[in-house]
Amino acid sequence: MREISMAAHNSRIFASDLNHSHGRVAAMATPRPSTRMREQTYPPPFPSAWYRVAGSHELRRGGIVYRECLGTQLVLYRSDRDDQVHAMGAFCPHMGANLSHGRVVNGQLECPFHRWQLAPDGRVATIPYADRVPSKPCQPTWTVHENYGQIFVYHDAGGGARVAPPPPPYDFPAIDDIDSGRMVPRGRHDAGRVHMHLLEFAENSVDFQHFSPLHGQMLVPWTNIRVPFVQIRHEADWSSDPEQGHLAYFHNKAILEVFGRAIERTKARAKITFYGPASVVTFRIMVPDAGEILMFQTHLPVAPLEQQVDFQWFADKATPRWLVWYVVGNWISQWRNDIAIWENKIHLRKPLLVPGDGPIHKLRRWFGQFYPEETTPEADLENAAQ
Ligand code: FES
Ligand SMILES: [Fe+2]
C-alpha cells in the first residue's frame with residue numbers, strides 16, 4: 001500500500017513536467033507537430049489485442065464504469081451475483097441511453113431510461129412492459145479477462161464493436177509465478193496519457209541505437225534528475241516466438257559505469273515480453289542476489305495517437321520493498337525519456353536505415369499480424385523492408 005501511494009505522489013510530479021524537461025531532448029518538445037498530420041503517417045491506431053481497460057479496484061461488486069477507447073464506447077460492469085466482469089456497448093439498443101447510468105440487477109445491466117435489462121451476452125433479457133423480447137443478441141460485447149488486479153478486453157481490429165463476437169484467437173497469458181503465489185503485488189502507477197502510436201513502443205525495443213543517447217545516463221529513480229558520472233551500458237536483442245506468433249521477446253542487459261569503469265555487481269538482466277502489439281508488455285527484471293520483479297506495462301489507445309499508460313508490479317516476497325521501488329522507478333524514469341521523441345515524431349514507412357540500426361523491419365512485419373488482411377500495413381512494411 002505504501003508503494004501505491006508513493007507512485008500516485010510521483011505521478012503528480014511527472015504530470016507537471018511531462019512536456020517540459022526530458023534531458024537532452026527537451027528542446028524538441030515545442031512547438032508540437034499536429035496530431036492529424038502525424039496520425040496520417042501511422043498504421044491504423046487500434047490493432048487486434050488484449051487491452052487493459054481498468055484496474056480491478058475500479059469496479060466494485062455491482063459497479064459500472066464507462067470507457068471511451070479503441071474507437072468505441074463501452075461499459076464494464078461487475079455482476080452482483082458472481083463478481084464476473086462483463087463489457088458491452090455503452091448505449092442502450094432501445095433508444096440510446098447511457099448504460100453506465102443504470103444499475104446491475106441479478107447479473108444483468110438495467111438501462112436507466114425504460115428499464116430494459118441486458119444479459120452479458122448482449123441479448124435483451126427483460127422489457128418491463130412487453131411480453132416478448134428480441135430473440136437475438138443486439139448489443140456489442142467484448143470478451144473480458146480479469147486477473148493480476150486488472151481487467152482486460154479483447155478488441156478485434158476487423159470487427160470493432162461487434163454483436164456476438166467470436167472468441168479471441170489466443171487467451172490472455174497465465175503467469176505462473178503470480179498464480180502460484182511466489183510473486184506478490186507490490187504497487188501500481190497510473191502514468192497518464194502519452195500522445196503516441198503503439199507501434200512506437202514496440203519499435204523502441206529493436207531500435208538499438210537509441211539506448212545510448214536516450215537511456216545511457218543514470219537517473220534518480222522516479223525523476224529525471226541525472227546522477228553525475230554514472231552511465232548505463234546496454235546490450236539488447238529481440239526475437240519473436242516461433243510457435244506463438246503473438247509473442248515477442250526483448251532481452252536487455254545493463255551495467256553501470258562509474259567514471260567510465262564497468263561495475264560488475266550492478267549487472268542486471270531484463271526479459272521483456274510483448275503479448276500482442278505492445279498493448280500488454282511484461283518486464284521480468286532479475287536483480288543479482290535480490291530476486292525478481294515482474295512488471296506489467298499496458299497501453300490503452302483512448303484515441304488515435306493517445307495511449308493511457310499503466311504500470312503494475314509484483315515481486316518475490318523476499319525482495320526488499322525499497323529495492324523494488326528503486327528498480328521500478330529506474331525503469332519508469334528511463335521510459336519517460338522517450339516520451340518527447342514519441343510525441344513529436346512521425347512514422348516513416350521507409351526509414352533510411354544503415355547497418356547497426358537493429359531489426360526494425362522484422363519488428364514491423366511481426367506487428368503487421370495484428371491487423372486484418374484488408375487493412376494490414378504488413379504489405380507496406382514488407383515493401384519498406386526491401
Ligand atoms: S433507452 Fe434503454 S430502455 Fe429505453
Ligand atoms: Fe527507449
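Me: What average pLDDT does the protein chain have?
Reply: The model is predicted, so confidence comes first. Of the residues, 89% score at least 70. The chain average is a pLDDT of 90.

Me: Over which residues does pLDDT stay under 50?
Reply: One stretch has six contacts beyond four places in sequence, and that is residues 382–386. Where pLDDT is low, predicted coordinates should not be read in detail.

Me: Which are the edge strands of the open sheet of four strands?
Reply: The order is β2-β3-β4-β9, with antiparallel pairing. An edge strand here pairs on one side only. That holds for β2 (64–69) and β9 (141–142).

Me: Which residue in β3 is the bridge partner of arginine 67?
Reply: Strand β3 covers residues 72–78 and runs antiparallel to β2. Six bridges join the two strands. In β3, arginine 67 is partnered by leucine 74.

Me: At what angle do helices α4 and α7 pack?
Reply: Helix α4 spans residues 198–206, and helix α7 spans residues 360–368. Their crossing is right-handed. The axes lie 9 Å apart, at an angle of about 145 degrees.

Me: How many charged residues are in the contact of α4 with α7?
Reply: From α4 come Leu199, Ala202, Glu203 and Val206. They meet Ile360, Leu363 and Phe367 in α7. By class, six are nonpolar and none is polar. The charged count is one.

Conventions: Residues numbered from 1 in each chain as written. Chains lettered and ligands numbered in written order. Predicted model: local features only at pLDDT ≥ 70, side-chain atom pairs only at ≥ 80, totals over all residues. Pairing = 2+ DSSP bridges. pLDDT = per-residue confidence, 0-100. Contact = placed C-beta atoms within 7 Å. Axes fitted to C-alpha atoms, helices over the stretch in contact; angles between N-to-C directions. Left-handed = near helix turned anticlockwise from the far one by under 90°. Nonpolar A, V, L, I, M, F, W, Y, C, P; charged D, E, K, R; others polar.
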